[in-house]
Amino acid sequence: MLMFILGHTITITFIGCTLSSKMSALLKREATGDLLVVCKASGDKLRLQILGILRNESFGVTELCQVFNVAQPNMTHHLKILASAGLVQTRKEGTSVFYRRALTADADPFSGLKQKLYDTVDLEPVTTAVTLGVSRVHRQRAQRSQSFFARRADQISENQDLIAPIESYLPTLCEWLEELPRSSSVIEIGPGESPLLSRLADQFKRVTAMDHSISMLQKARVRLNTTCSRRVRFLEADISDFDGPMVELIVLNMVLHHLSSPSMFFQDAARQLKPGGTLLIADLSPHKQDWARETCGDQWLGFDPVDLTHWSEDAGFTPEKQSFLGLNNGFQIQLRQFRYSPTLS
Ligand SMILES: C[S@@+](CC[C@H](N)C(=O)[O-])C[C@H]1O[C@@H](n2cnc3c(N)ncnc32)[C@H](O)[C@@H]1O
């Protein structure tokens, strides 16, 4: 009996060994296959350039065709190869699909290799033609947004209430503002008709209300409701072109999801902030309510908090406070505070 049990155990163990060695051979073969896919995907100049511009940004296929002056079937083919190697991933923004660089995951056996590839790609200088192509795409996005606000300035405040009534998060924002020095000079980008601009004028020494839409700036001027209105100056400008005196605080309330390049915005903000300055952002967490693109002119359907952290750190910011507030209509607000803390080299 004992012999039978022993024999059986040995047989099971043996089968187990055979199975596990077969399994590991299989896994190895699959892994080698994947390695080949990754190597092949990265063995092409155009694909490396595509990976280069997808570092912090997302582009649609037609935008990528424009940047690289390549026909759509050709671009689709290259993106497919990069996607099958796990080097790019897609994100749907309404009916449009955007490509971005895939994040490396610990569970991926090639995460080290992919990270090295990304790091090396990032050391490569971007050609002038590609830089110009990217700027052209950003300009087109900004123009679309600008003409939206020119046409719909009268409905923005109503639309804003449909998505995120400011009453739901203003108290938290005000608590955070209370902790900042009153002597600060401030830029609020895209103030619109929200009461925040008056609140900033009441508290801080100098406030610049900046908007790239003259109609929206006019709305903000009319809405300004404070005895301190002389502290506010109105400026028609786009933050990406702006180059004025540096300030201690930049505030963006429901504006980031309208910008042509939210990741680049952090670099722009860093240029305008004094070291130690504060960036305050109120925006949406990722959502799937496509109608916001059509009705409210939203370029991006909210943001993954991890992306904001990553973009901010890349531009020399340290994330500080954060607060996430769920709303009854299915949207979630994220309030984020970042300190500009560049490392001196
Ligand atoms: C949805 S409204 C937000 C208005 C207000 N902050 C609120 O919460 O009600 C977005 C505002 O940002 C402005 N805006 C969008 N992109 C901009 C840019 N690149 N530079 C300056 N202003 C911009 C728009 O013109 C608009 O006034």
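In strand β6, F234 is the bridge partner of A209. The model is a predicted one, in which local features need pLDDT of at least 70 and side-chain atom pairs count only at pLDDT 80 or more, while totals for chains, interfaces and linings use all residues. Residues are numbered from 1 along each chain as its sequence is written.

**Exercise 1.** Determine in which sense β5 and β6 pair, and trace how the chain crosses from β5 to β6.

*Solution.* Begin with the elements, where helices (H or I, at least four residues) and strands (E, at least two) are DSSP runs numbered from the N terminus. Two strands pair if DSSP finds at least two bridges between them, and β5 pairs with β6 (residues 232-236) in the parallel sense over 5 bridges. Next, follow the chain from β5 through helix α10 (residues 214-223) to β6, a β-α-β crossover that is right-handed, meaning that, with the strands pointing away from the viewer, the path from the first strand over the helix to the second runs clockwise.

**Exercise 2.** Describe the residues around the ligand and the elements that supply them.

*Solution.* Count a residue as near if its C-beta atom, placed from the backbone, lies within 6 Å of the molecule. Of the 23 residues around the ligand, G190, G192, S213, M216 and M254 come nearest. The elements that give two or more residues to this shell are α6 (128-152), α7 (156-163) and β5 (206-211), and α6 gives the most, with 3 residues.
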